[in-house]
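Please read the numbered points with the sequence and the model side by side.

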Amino acid sequence: MNFYVGSGMKNCELVNYYAKILKENNWNQTYNWVENINDDVSIEDMTKYAILEAKGIVDSDVVIILLPAGRGAHIELGMALALNKKIFLCSATKDEFNVENTVAFYGLPNIVQLVGTADENINQIITLSNHNIKIKEFNSHDKLVDFYISRGIEFNDDKQYFHPPIFSYIAEIDNTFVGAITVCKEDNNFILDEVAVIEGKERQGICTSLVNTAINRIEQEYGDNKFYLVAKNPDIFKSMGFNIIKRDEDLSFSECFSCPDLKNKCFPEIMVKILKK
């Protein structure tokens, strides 16, 4: 995978760190502009470097912009958009994507916004790029029900969600549907009601990408909150920061605690992740 990392000069060390980890994963950096930074640069030098940077973007499969970034990096972002490159905007905090600071172009479909530590963002970049996973919002919640049922998720006889859905996302690989997630809300509780991938696409980072997208959405729109789920495979969600809730903690929105099959025929865990804006 060919990549280019753009940012402001104050992020030089971070640019080199991203490049180092990606190259350790056998990715190829098309051009490293950090190597040209010095105190004695002429206009002619700047033009020469700009040509090399532009070629680096042209030759890349993936363009990564580390925020905050200056004018040059945003020109590079525009080039990447025009060339229809896969673009990742990476930030350590959500501040860059708040309405007061953000840029309208950040929300275009081929841009993926990532918020986290450098290592978290790099892992997401590798996962999403290696499998060419694209996450898209999907507003027709009811159209996902039959898919969820086919993957063993329980619904009532009338195929209605147990809680009111507030948003859904689907995952695609090469424009083919491979998974979905639906998040619901009951009172002040956010609930991961359903998440599933199609058979044969397990362990490719699809579920993680869907859940992380949902977490980012809740944090950005609603701030500090708790995100609950019922997991038949809790180990999957432990790696995402979810913790098992003790059985003596009564949650009024969860049907599991009152279900007679609990710990008889069905052995899920109720889990929660504390979200911070």
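In which sense, left-handed or right-handed, does α4 pass α6? The crossing of α4 and α6 is left-handed; a crossing is given this name if the near helix is turned anticlockwise from the far one by less than a right angle, and is right-handed if clockwise. The points below set this in its context.

1. Basis of the note. The model is predicted, with local features requiring pLDDT of at least 70 and side-chain atom pairs counted only at pLDDT 80 or more, while totals for chains, interfaces and linings use all residues. Residues are numbered from 1 along each chain as its sequence is written, and side-chain values use heavy atoms, without hydrogens and water.

2. Overall description. The chain comprises 7 helices and 12 strands; helices (H or I, at least four residues) and strands (E, at least two) are DSSP runs numbered from the N terminus. Along the principal axes, the C-alpha atoms fill a box of roughly 75 × 35 × 35 Å. Of the 277 residues in the chain, 46% are buried, where buried means under 20% relative accessible area, exposed over 50% and partly exposed in between, with a 1.4 Å probe and protein chains only. Among contacts between residues at least 6 apart in sequence, 66% join residues at least 24 apart; contact means heavy atoms within 4.5 Å.

3. The helix pair α4 and α6. The axes of α4 (residues 118–130) and α6 (residues 206–222) come within 10 Å and cross at roughly 125°. Axes are lines fitted to C-alpha atoms, for helices over the stretch in contact, and angles run from 0 to 180 degrees between N-to-C directions. The two helices are therefore oblique to each other: angles under 35 degrees count as roughly parallel, over 145 as roughly antiparallel, 65 to 115 as roughly perpendicular, and the rest as oblique. Residues Q124, T127 and L128 of α4 meet T208, S209 and N212 of α6. By class, this contact has 1 nonpolar, 5 polar and no charged residues; Ala, Val, Leu, Ile, Met, Phe, Trp, Tyr, Cys and Pro count as nonpolar, Asp, Glu, Lys and Arg as charged, and the others, Gly among them, as polar.

4. The helix pair α2 and α3. Helix α2 (residues 43–58) packs with α3 at an angle of about 35°, their axes being 10 Å apart. Here α2 passes α3 in a right-handed crossing. The residues that meet are E53, A54 and I57 in α2 and E76, M79 and A80 in α3. This contact has 4 nonpolar, no polar and 2 charged residues.

5. The open sheet. Five strands form an open sheet in the order β2-β1-β3-β4-β5, with parallel pairing; two strands pair if DSSP finds at least two bridges between them. The edge strands are β2 and β5 (111–115), each of which pairs on one side only. Strands β3 and β4 (residues 86–91) pair in the parallel sense over 5 bridges, and V62 has K86 in β4 as its bridge partner. Helix α4 packs on the sheet, touching β3, β4 and β5, and its direction makes about 165° with that of β4.

6. Strand β1 (residues 2–6) is mostly covered, with 4 of its 5 residues buried. It pairs with β2 in the parallel sense over 2 bridges, and N2 stands opposite N28 in β2. As for strand β10 (residues 225–231), 5 of its 7 residues are buried, so β10 is largely enclosed by the rest of the structure. Strand β9 (residues 189–197) runs parallel to β10 and is joined to it by 3 bridges; the bridge partner of L192 in β10 is L229.

7. Backbone points to inspect. Most residues other than glycine have a negative phi, and most peptide bonds are trans. The peptide bond from L67 to P68 is cis, with omega near 0°, and P68 is found in the loop between β3 (62–66) and α3 (71–82). N26, although not a glycine, has a positive phi of about 70°. This residue, N26, belongs to the loop between α1 (12–24) and β2 (28–29) and is exposed, with a relative accessible area of 70%. K159, also not a glycine, has a positive phi of about 60°. The place of K159 is in the loop between α5 (145–150) and β7 (165–173), and K159 counts as partly exposed at 41% relative accessibility.
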